[in-house]
Amino acid sequence: MLDWTGLTAIVAAFFIVAVSPGPATLAVSTASAASGRRSAMLFGCGLGAGLGFWGLVAATGLGAILQMTTPLLVALKVFGGLYLLWLAFGSARSAMRKSEAHNSASDNAPVSEGQWFLRGLVLNLSNPKAVVAWMAALSVGLGAESDWMGVAIATGCCVVIGFAIYAGYAAAFSIAAVMRGYAGLRRWVDGAVALLFSVAWLALIRSAFARGQSVN
């Protein structure tokens with residue numbers, strides 16, 4: 001059974017990793033400021049589901065196998081990079097539009113609730129680096145004596161924290177004052193978001209091909 005000291009260490013490590021600025025937190029913040037709390041909450045639920053999937057992968061030991069399966073890992077990183085590039089393109093298009101009628105998607109069509117969830121899910125599923133973060137967090141408090149129940153409790157706590165973090169970002173950035181500020185600075189904010197997504201895309205693609213070259 002996992003002791004409380006180990007569980008606290010895992011939760012603290014995971015919280016630091018999950019709350020730090022990254023593509024997921026950036027996306028949910030932008031979605032919240034642009035489209036409101038409900039849309040961002042659905043987007044955050046999708047992000048949380050994707051994060052939970054990688055937690056399951058790490059907890060069952062499949063994460064270590066994935067790290068050793070170079071072609072699959074490279075393919076996942078390339079797919080994740082393309083999705084980040086698509087998000088960057090959508091933000092860039094929004095930044096170039098002069099009209100205030102916009103959303104955080106890549107087109108002007110209304111986004112359904114299911115689509116918000118799906119976009120969040122795909123964003124975190126397309127980020128194989130998440131499994132590395134999970135493995136690092138779990139290793140902080142798990143030892144050779146930890147049984148499956150301890151691993152399950154630690155993973156479940158981290159999943160709950162992930163959902164809470166995304167919900168927190170969604171709530172914070174959907175405050176009326178924040179949404180008004182975003183509306184006034186929309187083109188600048190979306191331009192900056194496009195740049196940050198592009199940087200994340202470049203970093204993920206570089207890591208994919210660097211890994212591929214390192215094993216040849």
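At what angle do helix 3 and helix 8 pack, and how far apart are their axes? In this predicted model, local features need pLDDT of at least 70 and side-chain atom pairs count only at pLDDT 80 or more, while totals for chains, interfaces and linings use all residues. Residues are numbered from 1 along each chain as its sequence is written, and side-chain values use heavy atoms, without hydrogens and water.

Helix 3 (residues 37-59) packs against helix 8 (residues 148-173) at about 160°, with the axes 8 Å apart. Helix 3 is therefore roughly antiparallel to helix 8 (angle over 145 degrees). Axes are lines fitted to C-alpha atoms over the stretch in contact, with angles from 0 to 180 degrees between N-to-C directions; helices are DSSP runs (H or I, at least four residues). Contact (heavy atoms within 4.5 Å) involves residues including Gly 44, Gly 48 and Gly 52 of helix 3 and Gly 162 and Ala 167 of helix 8. The contact residues comprise 14 nonpolar, 6 polar and 1 charged, with Gly counted as polar.

The largest pocket has a volume of about 520 Å³. A pocket is an open set of points on a 1 Å grid where a 1.4 Å probe fits, with protein on both sides within 12 Å along at least five of seven lines; lining residues have an atom within 4 Å of a point. The volume is the space filled by probe spheres set on the points. Of its 25 lining residues, Gly 22, Pro 23, Ala 24, Asn 127 and Lys 129 are closest to the centre.

The second largest pocket has a volume of about 150 Å³. Helix 2 gives the most to its lining, with 4 residues.

Notes. Helices (H or I, at least four residues) and strands (E, at least two) are DSSP runs, numbered from the N terminus. Angles under 35 degrees count as roughly parallel, over 145 as roughly antiparallel, 65 to 115 as roughly perpendicular and the rest as oblique.
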